[in-house]
Amino acid sequence: FSNDGKTYTGQFSLAESTLSVNIDGMNFRGGFSEATASQPAPLMPVGSTGNWGRAFLFGSSADVLQCRLDSGFPTLTGECVRTDGRKFLLKAQSH
């Protein structure tokens, strides 16, 4: 995850369909799945569900990251929007 020149390292699990990251001391964790055009992510612009799918990551408070996933695994790419409007680019690789 990257935003304003900062990089935040996260983890994903194909077996559990989960994605997690720590951003500025707050842990976000949630699931990912393939999405259809009829399931746009509410905080993202209408019709912006990614070609591959979406992810919802929940923080320890009411904070949420909603992600549009443009490509699937083993190389995951997309964009996430935090509840406060901050955007993060997502780029991951399986090792």
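## Largest pocket

The largest pocket of this predicted model has a volume of about 250 Å³. A pocket is an open set of points on a 1 Å grid over the protein atoms alone, where a 1.4 Å probe fits, with protein on both sides within 12 Å along at least five of seven lines; lining residues have an atom within 4 Å of a point. The volume is the space filled by probe spheres set on the points.

Of the 15 lining residues, Thr-9, Gly-10, Lys-91, Ala-92 and Gln-93 are the closest to the pocket centre. Two or more residues come from each of β3 (10-13) and β9, with β9 giving the largest share, five residues. Strands are DSSP runs (E, at least two residues), numbered from the N terminus.

## Nonpolar core

The largest nonpolar core has 18 residues, and Phe-1, Leu-19 and Leu-65 touch the most other members. Such a core joins buried (under 20% relative accessible area, 1.4 Å probe, protein chains only) Ala, Val, Leu, Ile, Met, Phe, Trp, Tyr and Cys residues through side-chain atoms within 4.5 Å.

Beyond its neighbours within four places in sequence, Leu-65 has contacts (heavy atoms within 4.5 Å) that include Phe-1, Val-21, Phe-28, Phe-56 and Phe-88.

## Phe-73

Phe-73 lies in the loop between β7 and β8. Outside four places in sequence, its contacts are Phe-12, Leu-14, Phe-32 and Trp-52. The C-alpha atoms of Phe-73 and Trp-52 are 9.4 Å apart, with a separation of 21 residues in sequence.

## Basis

Residues are numbered from 1 along each chain as its sequence is written, and side-chain values use heavy atoms, without hydrogens or water. Local features need pLDDT of at least 70 and side-chain atom pairs pLDDT 80 or more, while totals for chains, interfaces and linings use all residues.

How values were computed:
Buried means under 20% relative accessible area, exposed over 50%, partly exposed in between (1.4 Å probe, protein chains only). Helices (H or I, at least four residues) and strands (E, at least two) are DSSP runs, numbered from the N terminus.
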